[in-house]
Amino acid sequence: MTAIELRGVTKEFPGVTAVRDLDLTVEEGEVYGFLGPNGAGKSTTIDMVLDLVRPTEGTVTVLGRDATAESVEIRERTGVLPDGFSVYERLSGRKHVEFAIESKEVDVEPEPVLERVGLLGDADRKAGGYSKGMRQRLALAMALVGEPDLLILDEPSSGLDPAGVKDMREIVAAEADRGTTVFFSSHVLAQVEAVCDRVGILRAGELVAEDSIEGLRDAVGDGETLEVAVDDATDAVVDAVRAVDGVSRVDRDGDTLLVSCDPGVKTRVIAAAEDAGAVVDDFHTEEASLEDLFLAYTEGEETPTRRADAATEEVDR
Amino acid sequence: MSLLAVANKDFQDTVRSRGMALLVALFSLLVAVFAYVVRPQGQADQFATELLLSAFVGPVLVTGLVPLVGVVVGYNAVSGERESGSLKLLLSLPHSRADVVFGKVLGRGAAMALATFAGFLLPALVLLVIPVTFNAGSFLGYTVFAAALGVVFVAISVGCSAAVATRQRALIAGIGVYALFVLLWGLFTGRVIGAFSGPIEALPVSMAQIRTFLDAANPTSGIELLGNAFLGDQLFSGDSVNQQVSAVAMLVFWTLAPPLAGLLKFDRDDL
């Protein structure tokens, strides 16, 4: 069964189309990162999944149920950390979690989940006095009540300090291990990269890319880039390196060779360069930057461009 | 039950507000002042409980102030949460929008009733301990009617609150309802009757019947009617029994219909 399925979903607000003909599938048990710049339509999509907003066209199915007709049943099995929410200022953190327990009709104590998000010490303070990060932790605690099958986190790291981001990541990982489907949105790629099985990139209401992290990485630049600094990058050296099996592309930047290759052939590349008479001063590998890809997708015109900067001389003509 | 969870949350949230304490203090102060005004003079030790209620507490506090307070307690119930964003937290939990609206009627209605009881009964405790004959039964019974009227106005303004997107509009709607029922009802219904006197005459009802109906239709005058009947030992008996029954029916109507109408709008909205 799929956890979330959107088919041909369009949402129009007066004067603006927030989401356009969106197809999206999140499989049960996977961690799906929903990426896009602010205003891309991420929150509108999540709002439609939660029935806060109804689609103009198309169907939204969550946990096998219709998002509008059976929203309460869906939310009984879903934990949500909304974006741009506020807490009940006069109620304590503990009261908030008790309210979630009462609402989900589960028989658990509030302490363990408060402990898990690191709020147990402040549980009896009024939530109005909480910092942004503590409010975020509180909402996460409410979302985790009752061991949901699906966790929807809308910009979960906003307002969190680095320690909070790390805690959040660990909780997401632990939930995923438990078998929970996690769907979370972010405009920061680094947060998604570490925990997601698959990512979708939304721009201006349309899904412009959807793949695993590895898949996206392949799209950036065939695996890894090996940078080899030699004493003199002659044509002979370049040709020798290019002849190595598993090398897809060689660019020359002064006396540095930029080699796109399979991970396993690095030593052979070095050896080939040396056999061709070059002295290797230094070499290091660089993973394809997903950030570049993300920016290309979200800010660029159409398809992402290869990361080839202007100083690189194109050797392979 | 989901509705009760919302009601419980909302009750707890409301009774913790500073406005709630102010309200109890205001009610207590006014009841105490009125009680002082009607205190027994000279040798008499008979405290005029009925006079206190029907001449002072009734017209000023109950039919004047309680509806206004009900509006204030209810107007931001849904619109306030919508504006602040806590509605997102509320609807992330498995509540239907109907649970939200009616849970709030229940929770805020209970808070309103609590404030009325606390505000009315605190000064009455003094009357119980000092050596005067004080009709505690009448006073307590009358407080129930006051609380009921408060709940009706809470329900009306929660309905307004669910129907509009902002706190400000909900407040305007609530004040409008207050103005209609408390300040302008006589004028308004007089105009309506005047304007439709022709068609009304064609109906098989008398002008007096129409006026009686309009009296019972207004929750404020409905409660006044019931409260005075209670004080005169005529509750659901005597000449006005039919009118009393229709007043009760109208009170139930005003408690349920506005939240329901608000819900119809709220249920269709994008939040």
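Biologist: Is Glu105(A) buried or exposed?
Modeller: Glu105(A) is exposed, because it has 12 other C-beta atoms within 10 Å. For the cut-offs, a residue is buried if 20 or more other C-beta atoms lie within 10 Å of its own, exposed if 12 or fewer, and partly exposed in between, with C-beta atoms placed from the backbone.

Biologist: Before we go on, what should I know about the model and its numbering?
Modeller: This is a predicted model, in which local features need pLDDT of at least 70 and side-chain atom pairs count only at pLDDT 80 or more, while totals for chains, interfaces and linings use all residues. Residues are numbered from 1 along each chain as its sequence is written, and chains are lettered from A and ligands numbered from 1 in the order in which they are written.

Biologist: Thanks. Where does Glu105(A) lie, and what is its phi?
Modeller: Glu105(A) sits in the loop between α3 and α4 (110-116) of chain A. Its phi is near 55°, a positive value in a residue other than glycine. Most residues other than glycine have a negative phi.

Biologist: And what about phi of Asp21(A)?
Modeller: Phi of Asp21(A) is near 45°, also positive in a residue other than glycine. Asp21(A) belongs to strand β2 (residues 16-27) of chain A, and is partly exposed, with 15 other C-beta atoms within 10 Å.

Biologist: Let's zoom out. How many helices and strands does chain A have?
Modeller: Chain A has 11 helices and 14 strands. Those are DSSP runs numbered from the N terminus: helices are H or I with at least four residues, strands E with at least two. Buried residues account for 45% of the 317 residues in chain A.

Biologist: How is chain A divided into domains?
Modeller: There is domain 1 (2-216) and domain 2 (224-287), with bounds that come from an automatic or database domain assignment. The C-alpha centres of these two domains of chain A lie 45 Å apart.

Biologist: New topic: how do α11(B) and α13(B) cross?
Modeller: The axes of α11 (residues 207-217) and α13 (residues 241-268) of chain B come within 8 Å and cross at roughly 45°. Axes are lines fitted to C-alpha atoms, for helices over the stretch in contact, and angles run from 0 to 180 degrees between N-to-C directions. The two helices are therefore oblique to each other; angles under 35 degrees count as roughly parallel, over 145 as roughly antiparallel, 65 to 115 as roughly perpendicular and the rest as oblique.

Biologist: Which residues make that contact?
Modeller: Thr212(B), Ala216(B) and Ala217(B) of α11(B) meet Gln243(B), Ser246(B), Ala247(B) and Met250(B) of α13(B). They divide into four nonpolar, three polar and no charged residues.

Conventions:
Two residues are in contact if their C-beta atoms, placed from the backbone, lie within 7 Å. Ala, Val, Leu, Ile, Met, Phe, Trp, Tyr, Cys and Pro count as nonpolar, Asp, Glu, Lys and Arg as charged, and the others, Gly among them, as polar.
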